[in-house]
Amino acid sequence: MDEQLRVGLVGAGPWAQMIHAPAIANHPGTTLIGVWARRQEAAAELARAHGAEAFADYAELLSTVDAVAFCVPPGVQAPMAIEAANAGKHVILEKPIAESVEVAEQLTAAVTDAGVASLVVLTRRYAPETKELLAQLHRTGGWTGADGRWLTGALLDGPFSQSPWRHEKGALDDIGPHAFDLLDAALGEITDVIAANVSASGLWQLILQHASGATSTLTLTLSLPLQPPFADFTVFGPNGHRTLNSRDTSALDCFTNLLDDFVAMVDSGTTTHECDVRRGLHLQRIIDLARRKAER
């Protein structure tokens, strides 16, 4: 781009501090114009650290930027993102993109009708090692199943342990979108949740059906005191098995790669991407189906 993309940040919590703000402020294609958060003192502190302005009024922030990056709970994000899209602003969305399928559909419609660019922060999808493995899987083909495990103690300790929405929604909504996205990208579209169960401690176990005919299993939790957290995904079939467990690319670098794609989309006028708002809606529908299956 001839000029940097002017980005506003909504949210000033731990993830915004660790990832969103520094990545946007330091990317050659973006400039962090301002920060809005419900806690004005937190917005002021984060903005000051990155040479940006703290905004007390969201509408005023919208009037000064080309795009908005959201780093707030899904119930807060969706209505504000709809407002941003209606104002013609490009959007970077955290997962899940909304608190319900209905609102996710409204957000997707707003983004589509406005013709703005959108990306969802599905962190590992922007890692080169993930892209390389997915390309290998697609070249080989013939995969019949997969097993995924994402086990952390994020609700027990650490920067996200005091997050009310994570405690309320649990692993299904927080890390579920990442896991569903990877399995879906590897084996083909997830078309059904065959079975789902959640224990009293918040351990989710699911069986998923894919359009390719493959099935996959998935175990998720935010309540196991594992250090470091454990995550791996193994795909198998007649040609053997492949495992993705590398985290060589940091979350900050993954978000920087996301910004590369985002800036290129805005510059070229492109509004579709494998991780755009429509992907977020697909993942929202899987979350909803899994929760309904578990409640039966």
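Predicted model: local features only at pLDDT ≥ 70, side-chain atom pairs only at ≥ 80, totals over all residues.

Me: In the open sheet of six strands, which strands stand at the edges?
Reply: Going across, the order is β3-β2-β1-β4-β5-β6, and the pairing is parallel. The two end strands have a single partner each, so one side of each is left without a neighbour in the sheet. Those edge strands are β3 (53–54) and β6 (118–120).

Me: OK, and which residue of β4 is the bridge partner of Val10?
Reply: Strand β1 covers residues 5–10 and β4 covers residues 67–70; they run parallel, joined by four bridges. Helix α1 (residues 14–26) lies across both of them and β2 as well. For Val10, the partner in β4 is Phe70.

Me: How many residues does the largest nonpolar core have?
Reply: Nonpolar side chains tend to be buried together in soluble globular proteins. Here, Phe70, Phe180 and Leu206 have the most contacts inside the core. Leaving aside neighbours within four places in sequence, Phe180 touches Leu206 itself, and its other contacts include Leu172, Ile190 and Ile287. The core's residue count is 103.

Me: Now the loop: which backbone nitrogen does the side chain of His273 reach?
Reply: His273 sits between α10 (251–268) and α11 (277–295). Setting aside neighbours within four places in sequence, its contacts are Leu119, Tyr126, Asp261 and Met265. At 2.9 Å, its side chain reaches the backbone nitrogen of Cys275.

Me: And how far apart are the C-alpha atoms of His273 and Phe262?
Reply: Along the chain these two are 11 residues apart.

Technical notes: Residues numbered from 1 in each chain as written. Heavy atoms only, no water. Core = buried A, V, L, I, M, F, W, Y, C linked by side-chain atoms within 4.5 Å. Buried < 20%, exposed > 50% of the residue type's maximum accessible area, 1.4 Å probe, protein only. Contact = heavy atoms within 4.5 Å. Pairing = 2+ DSSP bridges. Axes fitted to C-alpha atoms, helices over the stretch in contact; angles between N-to-C directions. Polar contact = N/O pair within 3.5 Å; in protein donor to acceptor, adjacent residues only side chain to side chain.
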